[in-house]
Amino acid sequence: MAGELATARAGIKTRLETISGLTVSLYGGQPLPAPPCAIIVQAQGPTQLAMGGNTFRARFLVRLFLSHPGTETEGFTELEKYTEQVATNSVIAAIYGDRTLNASVDNVRVTLGSIGKAPLDDQGAIFYSAEFLVDVVKTIA
């Protein structure tokens, strides 16, 4: 199943890379990419969905970081472009552009989590930030 999770994570990365200028990291690590960037970490799972079956659900967390030199209002306005349902920079629209993530899963669901400001790492500067929960479902024959 580890291969299934890695393939799903790579599918999320591929979809996010359709957003112009966004750098995507699969696990974070050092050095962290410069904003605007997204980091994909596994948040939960895999969880078996059917007794005696091979269908599972896993959850990934996409953490988006954005730097904006203007006012706080301008920074949040820029961040909201990434949190819209449909827009050129929309994380949600990018992932939903292929609900199978390049045939790596059966379906995907994206939920917007927190929006605000957060450090890229525990010692870094504060950036505009949004979190997206990406649930994937996969049946293995």
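Analyst: A salt bridge here is a side-chain nitrogen of Lys or Arg within 4 Å of a carboxyl oxygen of Asp or Glu. The model is predicted. By this rule the count comes to eight salt bridges. One of them joins the side chains of Glu17 and Lys13, with N and O 2.4 Å apart. Glu17 is partly exposed, at a relative accessible area of 41%.

The part to follow is strand E5, which covers residues 126-139. On one side, E5 runs antiparallel to strand E3, and 12 bridges join the two. Within this pairing, Ala58 has Val136 of E5 as its bridge partner. E5 also pairs with strand E4 (residues 107-119), again in the antiparallel sense, over 11 bridges. Here Phe132 in E5 stands opposite Leu112.

The side chain of Thr55 makes a polar contact of 2.9 Å with that of Thr139. Thr55 has a relative accessible area of 18%, so it counts as buried, the limit being under 20%. For a sense of distance, Thr55 and Ala125 are 70 residues apart in sequence, and their C-alpha atoms are 41 Å apart in space.

Lys138 forms a salt bridge with Glu4, and the closest N and O atoms are 3.7 Å apart. Glu4 sits in helix H1 (residues 2-16) and Lys138 in strand E5, so the pair links distant parts of the chain, 134 residues apart. The two ends fall into separate classes of accessibility. Lys138 is buried, with a relative accessible area of 14%, whereas Glu4 is partly exposed at 24%.

There is also a network of salt bridges, which links Arg57, Arg59, Arg109 and Asp135.

The loops contain some backbone features to note. Most residues other than glycine have a negative phi, and most peptide bonds are trans. Pro35 and Pro36 are joined by a cis peptide bond, with omega about 5°. Pro36 is in the loop between strand E1 (23-25) and strand E2 (37-48).

Another loop, between helix H3 (91-96) and E4, contains Leu101. Leu101 is not a glycine, yet its phi is positive, at about 50°. Asn102 is found in the loop between H3 and E4 too, and its phi is also positive, near 60°. Is each of these two residues buried or exposed? Leu101 counts as buried, at 1% relative accessibility. Asn102 is exposed, with a relative accessible area of 62%.

To return to the strand: E5 pairs with E3 and with E4, and a salt bridge joins Lys138 to Glu4.

How values were computed. Residues numbered from 1 in each chain as written. Predicted model: local features only at pLDDT ≥ 70, side-chain atom pairs only at ≥ 80, totals over all residues. Heavy atoms only, no water. Buried < 20%, exposed > 50% of the residue type's maximum accessible area, 1.4 Å probe, protein only. Polar contact = N/O pair within 3.5 Å; in protein donor to acceptor, adjacent residues only side chain to side chain. Pairing = 2+ DSSP bridges. Helix = DSSP H or I, 4+ residues; strand = E, 2+ residues; numbered from the N terminus.
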